[in-house]
Amino acid sequence: MQQPETCLCNGKSVRRMFNPKQLRIYILHLLADGTNYGYELIKKISQGTAGFYCPSPGVIYPTLTLLEELGFIITGKDSGKGRKCYAITPEGRCFLLLKADIFAEVKMKLNYAQELKAGNQFANEIECAVDKFKSLLRHKIVLQQLTTEETEKVIEIINRAVDRIEQVNAVLVAEDK
């Protein structure tokens with residue numbers, strides 16, 4: 001199966017933007033607005049996450065099957081194309097209301113993704129650089145590859161970088177005034 005043509009992530013998708021519970025709640029929320037097909041849900045999730053996350057069919061369809069087995073959604077056939085369309089049930093709506101706390105987490109992630117996209121064209125690159133940096137340090141720590149002297153130098157470098165980023169930010173904030 002192909003990814004939808006309108007996927008915004010250009011193959012650079014966040015691996016796990018939502019945990020399984022959050023994804024189920026987000027799908028129920030999307031279905032609360034009306035029936036949809038699997039690929040339409042993929043597109044809507046991609047758009048909602050500003051292209052940072054495009055769930056694969058291998059994630060969406062098993063999730064839809066689970067929601068159907070739980071009685072939270074029902075499926076029907078599109079008379080024109082024979083595709084399955086999904087609709088939320090009253091039980092699904094009730095469950096969605098009961099899980100408002102999880103949906104609040106989803107909304108927070110969606111808002112963050114939209115802010116990243118709108119506020120900084122380099123946000124994705126910065127996030128990737130930070131993730132790469134954290135992975136490298138975790139690897140060094142787990143394998144105990146840093147001496148005490150090297151650890152102190154790394155801490156000093158990190159603290160200097162934080163100070164420098166704060167200085168740059170302070171200059172930018174002052175320029176905006």
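I call a residue buried under 20% relative accessible area, exposed over 50% and partly exposed in between (1.4 Å probe, protein chains only). I am working on a predicted model, where local features need pLDDT of at least 70, side-chain atom pairs count only at pLDDT 80 or more, and totals for chains, interfaces and linings use all residues. Residues are numbered from 1 along each chain as its sequence is written, and side-chain values use heavy atoms, with hydrogens and water left out.

**Overall fold.** I took helices (H or I, at least four residues) and strands (E, at least two) as DSSP runs, numbered from the N terminus. I found seven helices and two strands. Their order along the sequence is α-α-α-β-β-α-α-α-α. Of the 177 residues, 28% are buried.

**Helix H2.** I looked up the buried residues of H2 (residues 38-48): Gly38, Leu41, Ile42, Ile45, Ser46 and Gly48. They sit on the same side of H2, because their arc around the axis is only 165°, taken from the directions from the helix axis to the C-beta atoms.

**Aromatic pairs.** I paired rings of Phe, Tyr and Trp (its six-membered ring) with centres within 6.5 Å; planes under 30 degrees apart are stacked, over 60 edge-to-face, the rest tilted. I count four pairs. Tyr39 and Tyr61 are edge-to-face, because their planes stand at 90°, with the centres 6.4 Å apart. This pair links helix H2 to helix H3 (residues 57-69), 22 residues apart. Tyr39 is partly exposed at 25% relative accessible area, and Tyr61 is partly exposed at 22%. Phe72 and Phe95 are stacked, 4.4 Å centre to centre with 15° between the planes. Phe72 is buried at 13%, whereas Phe95 is partly exposed at 25%.
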